[in-house]
Amino acid sequence: MTDFENTLREALRDEPAAVRGVPAFANVFAAAEARVAARARSRRILGGIAAAAMIAAVALTVMRPAGPTWQYVDPEELASGTSWVAPSDVLLPEHRFDIFGEIPVLIESTESDEGALL
Amino acid sequence: MRDSDVLDNNPHVSRSALEAIHGQVFGWALSRCHYEKAVAEDLVQQAYVELLTGKARFDGASSLKTFVFSVVQNLARGRYRRQATRLRLVDKAAPDNRVVEPVEPTRRDDVWQAVKALPARQRDIVELVFCRDMTIEEASRVMGVSTGTGRVHYDRAKKALRKRLRDD
């Protein structure tokens, strides 16, 4: 080390006055520990909130009321049906009519009815 | 090193080792923030947080002092980068708004004044070597430059100081 370097070292050894008031290590370190603990706590809270939100989302999906279930007409049932009621028939005073399997046959009368045209 | 003393997330760092270098770390933090005590204390506290959480992990490759100094240096750099961006934005919004930089307390000592007048990198290496008793290699590590670059800054700083002190 040169003389000049020694001079510099000597001159710069004394720190500026501001450096002399060093805050106690215990206080600074305790504050740092508190900061870490607070950070962990808030992370835990945030994690809890996120988990609760996820559970709520799953529950909502599972418990959502089912929509209308589609029912298909069974063609066989439809063919063998003897009566049919239109959904709007409830609005009519007499609803429902019979479906006949055969066409009714009108028997020709041999007797004349009075005033009737045969 | 007592076992209970060791930091959970930093097995090579102990509380007592940190306590031993606390004063020097604070001094370094002070010089990083224009000798604003509150800011320096916050920087040191933040450095301890980084060590406690293991975000800054010491592997024993250098001395603990060098490592903690570089943590402080990085934190200060990040802080002032953010601050500079904010100030630039403020400046853009109101061009006449002049920002007054905090001034280091006046030192009677001529040498300190001369050091203060050096460019930032040269000032840093002089402070680390002469004031914090580091080798050029350690100082370069703290500054985040190669030893060769550190040596260049050191030589230039010495030349500039010699000239300035001779002129005075």
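Modeller: In this predicted model, the contact draws 21 residues from chain A and 27 residues from chain B. On the side of chain A that touches chain B, the elements giving two or more residues are α1 (3–13), α2 (17–20) and α3 (25–63) of chain A. Of these, α3(A) gives the most, with eight residues. Sorted by class, the side of chain A that touches chain B holds 16 nonpolar, one polar and four charged residues.

Chain A as a whole has four helices and two strands. Read from the N terminus, the order of its elements is α-α-α-α-β-β. Of its 118 residues, 6% count as buried.

The core has 46 residues, and the members that touch the most other members are B:Ala29, B:Leu43, B:Val44, B:Ala47, B:Tyr48 and B:Val72. Leaving aside residues up to four places away in sequence, B:Ala29 touches B:Ala40, B:Leu43, B:Val44 and B:Val72. Three of these partners, B:Leu43, B:Val44 and B:Val72, are also named among the residues that touch the most other core members.

B:Arg156 has 15 other C-beta atoms within 10 Å. A residue needs 20 or more to be buried and 12 or fewer to be exposed, so B:Arg156 is partly exposed. In sequence, B:Arg156 and B:Pro119 are 37 residues apart, while their C-alpha atoms are 9.9 Å apart in space.

Chain B also has a strand pair. Strand β1 (residues 6–7) of chain B runs antiparallel to strand β2 (residues 10–14) of chain B, and two bridges join them. The hairpin from β1(B) to β2(B) passes through two residues. B:Val6 has B:Ser14 as its bridge partner in β2(B).

Definitions and conventions: Residues numbered from 1 in each chain as written. Chains lettered and ligands numbered in written order. Predicted model: local features only at pLDDT ≥ 70, side-chain atom pairs only at ≥ 80, totals over all residues. Pairing = 2+ DSSP bridges. Contact = placed C-beta atoms within 7 Å. Nonpolar A, V, L, I, M, F, W, Y, C, P; charged D, E, K, R; others polar. Core = buried A, V, L, I, M, F, W, Y, C linked by C-beta atoms within 7 Å.
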